[in-house]
Amino acid sequence: MGSKDRGSDGSGRRVGRRAVLLGGGAAVVGVAALARDDLARFWWRLPGMEKKRVDGELDHKGAEWAAAARANWRRADRPDDYRIDRVVIHVVQGSYATALKVFKNPGHGAAAHYVVRKDGHVAQMIRELDVAFHAGNRDMNERSIGIEHEGFVDRPQGFTAAMYASSARLTAGICARYGIPVDREHIIGHVEVEGTDHTDPGPHWDWDRYLRLVREASKTVT
C-alpha cells in the first residue's frame, strides 16, 4: 500500500500550516474549557472555599441521623458539582438494623443516603450533597440519591403500607428539591443500574403503587 504524505488529513490532501495552528489552538481552548469546568466542579476543595456544613443536619424532616462510615461515601457539593436527576430504590436483603450496621462499617465499601424501616421510620446516613457508594456505578452514584428499604426481594409481605407511604414522601421531597420528574425513567430500581449484578427491589416491589404515592405526596411538598 502506498504511504500518504506526511501532514495530510488522512485523505491524501495536504493540511496547511494555518489549519494545523488553528486546530492546535482549538485543542488548547478545549483543554482550557475542561480545566475551567473541573475548577467550577471542585471549587469547594480549594483552601478556604469548603462549603460550610452542620454535623448531623438532615435533608429529610423527621429522619433520624445515623452517620455512615466515611469510607462508604465521597464528599461533594451536589447539585453544584454533580446534577442530581435520579432516585435509586434498593432493598436491603435484611433488616433495618443490619443495613445501619453494615453502612457504618468502613470495610463494607457501600452505603445509601437513606434507610426506610417497615414501620416507615427513616434514617439518613449520608447528606444528599455527598456521593454515596450505593449503585455500583460511579456515574449513577454521582447523579442519584439512594434509598434502602428493610426486607427481602422474595418476601412481598415485608413491603408494608407504612414503608411505601414513608418512602414515597421521602422521594417526593427529593424530586421537588432537584426538579426530578416523577416517572420510571428517573425513579429506578437498583437492578436497572448499568453494570449491576443486583436484583433489588425485585419483582414484588409495586412500582405503580409507589409512583402513585410519590405523585400524591408531591402535592403537599413545601
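1. Arg74 and Glu142 are both buried in this predicted model. Their side chains meet in a salt bridge, with an N to O distance of 2.9 Å. The pair links distant parts of the chain, since Arg74 belongs to strand S2 (residues 73-74) and Glu142 to helix H3 (residues 138-143), 68 residues apart.

2. A search of the whole structure finds 11 salt bridges. Among them, Arg127 takes part in a contact with Glu57 at 3.6 Å, N to O. That bridge joins the loop between S5 and strand S6 (131-132), where Arg127 lies, to the loop between helix H1 (17-41) and S1, which holds Glu57; the two residues are 70 apart in the chain. The side chain of Arg127 also meets that of Asp59 in a salt bridge, at 3.0 Å, N to O. Asp59 is likewise placed in the loop between H1 and S1, 68 residues from Arg127.

3. Glu57, at 36%, counts as partly exposed.

4. A further group of charged residues should be noted. Asp85, Arg86, Asp139 and Arg143 are linked in a network of salt bridges.

5. Strand S7 (144-149) is largely enclosed by the rest of the structure, because six of its six residues are buried. Both of its faces are covered: Ser144, Gly146 and Glu148 are buried on one side, and Ile145, Ile147 and His149 on the other.

6. The pairing of S7 may be considered next. Strand S3 (residues 86-89) runs parallel to S7 and is joined to it by four bridges; Ile89 stands opposite Ile147. S4 also pairs with S7 in the parallel sense, over three bridges, and here the bridge partner of Tyr114 is Ile147.

7. Helix H2 (residues 96-103) has Tyr96, Ala99, Leu100 and Phe103 buried. Viewed down the axis of H2, these buried residues fall within an arc of 95°, so they line one face of the helix. An α-helix has 3.6 residues a turn, so residues three or four places apart point the same way. On the other side of H2, Ala97 and Lys101 are exposed.

8. What do the buried residues of H2 pack against? Their partners are strands S1 (64-65), S4 (114-116), S5 (122-124) and S7. S4 and S7, both on that list, are themselves paired in parallel.

Definitions and conventions
Residues are numbered from 1 along each chain as its sequence is written. This is a predicted model: local features need pLDDT of at least 70, side-chain atom pairs count only at pLDDT 80 or more; totals for chains, interfaces and linings use all residues. Side-chain values use heavy atoms; hydrogens and water are left out. Buried means under 20% relative accessible area, exposed over 50%, partly exposed in between (1.4 Å probe, protein chains only). The arc is that of the directions from the helix axis to the C-beta atoms. Contact means heavy atoms within 4.5 Å. Two strands pair if DSSP finds at least two bridges between them. A salt bridge is a side-chain nitrogen of Lys or Arg within 4 Å of a carboxyl oxygen of Asp or Glu.
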